[in-house]
Amino acid sequence: MRGHDIESRAEKGNRTPAENSYAIEDRERNWISWLIPVFVVANVAMFVVVMYFNNCPKRIGSSRGFGDGDGKCVARFLGRFSFQPLGENPLFGPSSSTLDRFGGLNWEKVVHQHQGWRLISCMWLHAGILHLLANMLSLIFIGIRLEQYYGFVRIGIIYLLSGFGGSILSSLFIRNSISVGASGALFGLLGAMLSELITNWSIYTNKVAALLTLIVIVVINLAVGILPHVDNFAHIGGFLTGILLGFILLPRPQYGWLERHGLPAGVRVSSKYKAYQYVLCVVSLILVIAGFAVGLVMLFRGVNAYERCHWCRYASCVPTSKWKCDDT
């Protein structure tokens, strides 16, 4: 028994259905998810506040958004909470001028008016109730599971930094419209799930099925992002940030290390993490720091990323006979 690797032996043992998709229960406690519900409540509350101040019946004459502002408020029985005309905002929400007032991502104000706080504030705003529902349902579905397993600190860091990374990439490419939403942060959680699967590869039973399922979900969501009025650069920036943060924050210890106190004398105990987990962590940390530094320097110098990457415009919108893309 002295020369055997505890990790490999554990992977070959029988597994019960209670272990679900994991080969080994690593005895980490399950946290109670409270941060993700707080994020959901904060986003909903912010949308209510924005709609209150939007006051469509009063502002409809001067609002500016997707269209020319003509038409009647939608759901007028809601009073000041009624939505802008669908020709102006098809997502059942406020005007873009109201979103800008409350901190929507506006390249001109971020770069030339030094309002860098918009890179964070835009994460808590939504263009409409449809936008809000889609993001919050996704956040509940993805975030609660991750928080229960890894705790609020790590998941909170991934969520906030991924949203920030998405805002940076979005600002480098999109200059002529306002961007809002938690999509960058949500894609960060998806990216973290992917890197969590990769870095903890040895403890999963249905490895290929889990990987393919996650890849299909990501590809479908990114494909939706090529439609007009959808900020796919925020999705991509958040996703890439989430992948790197997942390698840093979500590696799971080896089974042999977790069982080290109960092993017989003389049995070799593995290190807490495998060598490739350490390598991925260090490389990802360097890339995250370098990515944020380079991105922020380019942004505040007013660099137009389309000048460096002409084909990148197709990553956010692909023009067809049915629609045209915004001129960025």
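A residue counts as buried when its relative accessible area is under 20%. By that cut-off Ile142 is buried, because its relative accessibility is 10%. With that term in hand, here is a short tour of the model, which is a predicted one. The protein has 14 helices and zero strands, and 46% of its 328 residues count as buried.

**Overall picture**

- Reading from the N terminus, the order of elements is α-α-α-α-α-α-α-α-α-α-α-α-α-α.
- Of the contacts between residues at least 6 apart in sequence, 75% join residues at least 24 apart.
- The protein exposes about 16,600 Å², and carbon and sulfur atoms supply 66% of that area.

- The mean pLDDT of the protein is 80, with 76% of the residues reaching 70 or more.
- Residues 1–28 form a stretch where pLDDT stays under 50; the model has 55 contacts for this stretch beyond four places in sequence.
- Over residues 62–69 pLDDT also stays under 50, and here the model has 21 contacts beyond four places in sequence.

- Helix α13 gives the largest share of the lining, with seven residues.
- By residue type, the lining of the second largest pocket comprises eleven nonpolar residues, five polar ones and no charged ones.
- Thr241 is buried, because its relative accessible area is 10% and the cut-off for buried is under 20%.
- Beyond four places in sequence, Thr241 touches Leu161, Ser162, Gly165 and Phe292.

- Ile142 belongs to helix α7, residues 129–150.
- Leaving out neighbours within four places in sequence, Ile142 is in contact with Leu189, Leu190 and Met193.
- Ile142 and Leu186 are 44 residues apart in sequence, and their C-alpha atoms are 8.1 Å apart in space.
- Trp124 lies in the loop between α6 and α7.
- Setting aside neighbours within four places in sequence, Trp124 contacts Phe39, Ala42, Asn43, Met46, Tyr159 and Leu160.
- From Trp124 to Val180 there are 56 residues in sequence, and 7.6 Å in space from C-alpha to C-alpha.

- Asn30 is found in the loop between α1 (6–11) and α2 (35–54).
- Asn30 is exposed, because its relative accessible area of 59% is over the 50% cut-off.
- Asn30 and Tyr150 are 120 residues apart in sequence, with C-alpha atoms 7.7 Å apart in space.

- Phe92 has a phi near 60°, a positive value in a residue other than glycine.
- Phe92 lies in the loop between α3 (56–59) and α4 (96–101), and counts as partly exposed because its relative accessibility is 26%.
- For His114, phi is near 55°, again a positive value in a residue other than glycine.
- His114 is placed in the loop between α5 (107–112) and α6 (118–121), and is exposed because its relative accessible area is 65%.

Key. Residues numbered from 1 in each chain as written. Predicted model: local features only at pLDDT ≥ 70, side-chain atom pairs only at ≥ 80, totals over all residues. Heavy atoms only, no water. Buried < 20%, exposed > 50% of the residue type's maximum accessible area, 1.4 Å probe, protein only. Contact = heavy atoms within 4.5 Å. Helix = DSSP H or I, 4+ residues; strand = E, 2+ residues; numbered from the N terminus. Nonpolar A, V, L, I, M, F, W, Y, C, P; charged D, E, K, R; others polar. pLDDT = per-residue confidence, 0-100. Areas by Shrake-Rupley, 256 points an atom, 1.4 Å probe, with all protein chains shown as cover.
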